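Here are some questions about how terms are applied to one structure. Each answer sets a value against its cut-off.

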Amino acid sequence: MSMKAYRSLVRMRILLLLQYRMAALAGITTQFMWGFLKIMVLQAFYRAAGEPQPLNLEQAVGYVWLGQAMLRMLPWDGDSDVQELIRTGNVAYELCRPVDLYNMWYARALAMRIAPTTLRAVPVFAIALLVLPPSFALRMPSVGSLAAWLLAAVGALLLGCAITNLMNISMFWTISGEGINRLVPAVVLVFSGMAVPLPLLPGWAQRVLEILPFAGLMDTAARFFVGQLPPGKVWVFLARQLVWTAVLVAWGRWLLRWGLRRVVVQGG
């Protein structure tokens, strides 16, 4: 199947998912509530802190809004349609298509992350940059930091889709998929920086998280946006994201081949 066909699949899925505007509006309201709560907690923390922190308060506020704006890009869940195909055995019909199954699911994952992120990120950025009072506002980065953030965001998208595919493929070995759909969001929440900005964690924890892929899902891009990382280092961090993406894609392909050899469809 040519790349043009996969691009068409991504485009059609994005157009379909962009129809869910009311769900996006409800999500934006929730994200602003959590954003304000996190910022107030951080403001109290900085007032009580007795020494300078790796992130100043303005950067920490920006970090929070970046996390809220890009929330739907994170691999919180698998593709429910794909998981249902595996659960019911209808994945057998997918094998009749003249496509690479992994690539098709990866294309669906791209659309699944891009469309809701677009619906939510645009208003969150607009309000956080232009409307909120200074103590809660997001600061516009320099041109270099903005370009680095865009590159790191692309790396985060590719990495997140590889994890999404792993969640889908895990359905070959589970009954309902609820376990993996609950475990992965908890891991992502803590290790990506969504719960607490990673630069505020102890040094030993940061060194461990630098080895794992999860910081590349949100923390890396956010630190470039707020200026905590210099734009010139973007290629090092992007390479780390792409290496982890390649590793997880290779692992996902291997698991998919193994799962398809073992799959049993009830009744046939």
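Q: Which residues form one aromatic cluster?
A: The cluster consists of F32, F36, W65 and F136. The model is predicted, so local features need pLDDT of at least 70 and side-chain atom pairs count only at pLDDT 80 or more, while totals for chains, interfaces and linings use all residues. Residues are numbered from 1 along each chain as its sequence is written, and side-chain values use heavy atoms, with hydrogens and water left out.

Q: Why is the pair of F32 and F36 called tilted?
A: Rings of Phe, Tyr and Trp (its six-membered ring) pair if their centres lie within 6.5 Å; planes under 30 degrees apart are stacked, over 60 edge-to-face, and the rest tilted. The centres of F32 and F36 are 6.3 Å apart and their planes stand at 35 degrees, so the pair is tilted.

Q: What makes the pair of F36 and W65 edge-to-face?
A: The planes of F36 and W65 are at 85 degrees, with 5.6 Å from centre to centre. An angle over 60 degrees counts as edge-to-face, so the name applies. F36 lies in helix α2 and W65 in helix α3 (residues 57-69), so this pair ties together parts 29 residues apart in sequence. Helices here are DSSP runs (H or I, at least four residues), numbered from the N terminus.

Q: Why is the charged end of R240 said to sit over the ring of F237?
A: The term requires NZ of Lys or CZ of Arg within 6 Å of the ring centre and within 35 degrees of the ring normal. The charged end of R240 sits over the F237 ring, 5.1 Å from its centre, so the distance is within the 6 Å limit.

Q: What makes T220 count as buried, and which residues is T220 in contact with?
A: T220, in helix α10 (residues 219-225), has 5% relative accessibility and so counts as buried. Contact means heavy atoms within 4.5 Å. Leaving aside neighbours within four places in sequence, T220 is in contact with A152, A215, L229, F237 and Q241.

Note on methods: Helix = DSSP H or I, 4+ residues; strand = E, 2+ residues; numbered from the N terminus. Buried < 20%, exposed > 50% of the residue type's maximum accessible area, 1.4 Å probe, protein only.
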